[in-house]
Amino acid sequence: MDNLLRVGVISSTHGLKGEVKVFPTTDDVTRFKSLKNVMMDTGSGHMNLEIQGVKFFKNMVILKFKEFDSINEIEKYKGKDLLIKRDQAVALGPDENFIFELIGLRVVLEDGTEFGTLTDVIKTGANDVYEVKTKEGKEVLLPAIKQCVLGVDLEEGTVTVHIMEGLLD
């Protein structure tokens, strides 16, 4: 699964001709315009799907797949994940990582002391917030800003942080 990224979840059908409403789980919803294929996690395997049409409505993406021509064929897939291969992912900028790559990394202080484990990334709009479970089992929220997160080393499996004054109060 590490090689696959979820880009959306089928939330409901749309019309009678096999279109579906998809809740996007990607930061850039316009990326659906450039996607030609996705994989659907059916629960018992993956089904390759060719995208024939893309429309946008409010916060949803409406997709038409070549493989489905009626509501009856597609409605059983409500709630299923749409996945892409990692090589289809958008290019990340410097100091950017996929959330799934961060979850589970060891969090260390700038002096190398073990602090805890990164358990979640919360999207707030202004900046992300890292949820860390400390060695003592306490949950701490750290802002993902340069003054606090000094570096991420995926090869070493670590996030180096500086605990700003008042952050743990």
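1. Start with phenylalanine 100. In this predicted model, Phe100 is partly exposed, at a relative accessible area of 34%.

2. One joins phenylalanine 68 to tyrosine 77, with ring centres 5.6 Å apart. The planes stand at 55° to each other, and the pair is tilted.

3. Phe98 is buried, with a relative accessible area of 17%, whereas Phe100, at 34%, is partly exposed. The cut-off matters here: buried means under 20%, so 17% falls inside it.

4. Now the nonpolar interior. Nonpolar side chains tend to be buried together in soluble globular proteins. The largest nonpolar core in this model counts 21 residues. Which of them have the most contacts inside it? They are Val22, Val38, Leu63, Phe65 and Leu82. Six strands each give the core at least two residues: β1 (4–14), β2 (19–24), β3 (37–41), β4 (46–57), β5 (60–65) and β6 (81–85).

5. Valine 38 deserves a look. Leaving aside residues up to four places away in sequence, Val38 touches Met47, Asn48, Leu49, Ile51, Phe65, Leu82, Leu83 and Ile84. Phe65 and Leu82 are also among the core residues with the most contacts.

6. Arg31 sits in the loop between β2 and β3. The residue is buried, yet it has no salt bridge. How far away is the nearest side chain of opposite charge? That is aspartate 28, at 6.0 Å.

7. What does the Arg31 side chain reach instead? It comes to 2.8 Å from the backbone oxygen of glutamine 88.

8. Salt bridges number seven in the model. One joins aspartate 81 and arginine 6, at 3.6 Å from N to O. Asp81 belongs to strand β6 and Arg6 to strand β1, 75 residues apart, and the pair links distant parts of the chain. Both ends are partly exposed: Asp81 at 21% and Arg6 at 43%.

9. Lysine 55 and glutamate 19 form another salt bridge, at 3.3 Å from N to O. Lys55 is in strand β4 and Glu19 in strand β2, so this pair ties together parts 36 residues apart in sequence. Lys55 is partly exposed, at 42%. Glu19 is buried, at 18%.

10. Last, lysine 123 and aspartate 128. Their closest N and O atoms are 3.5 Å apart, in a salt bridge. Lys123 is partly exposed, with a relative accessible area of 46%. Asp128 is partly exposed too, at 25%.

Key
Residues numbered from 1 in each chain as written. Predicted model: local features only at pLDDT ≥ 70, side-chain atom pairs only at ≥ 80, totals over all residues. Heavy atoms only, no water. Phe/Tyr/Trp six-rings, centres within 6.5 Å; stacked < 30°, edge-to-face > 60°. Buried < 20%, exposed > 50% of the residue type's maximum accessible area, 1.4 Å probe, protein only. Core = buried A, V, L, I, M, F, W, Y, C linked by side-chain atoms within 4.5 Å. Helix = DSSP H or I, 4+ residues; strand = E, 2+ residues; numbered from the N terminus. Contact = heavy atoms within 4.5 Å. Lys, Arg positive; Asp, Glu negative; His and termini not counted. Salt bridge = Lys/Arg side-chain N within 4 Å of Asp/Glu carboxyl O. Polar contact = N/O pair within 3.5 Å; in protein donor to acceptor, adjacent residues only side chain to side chain.
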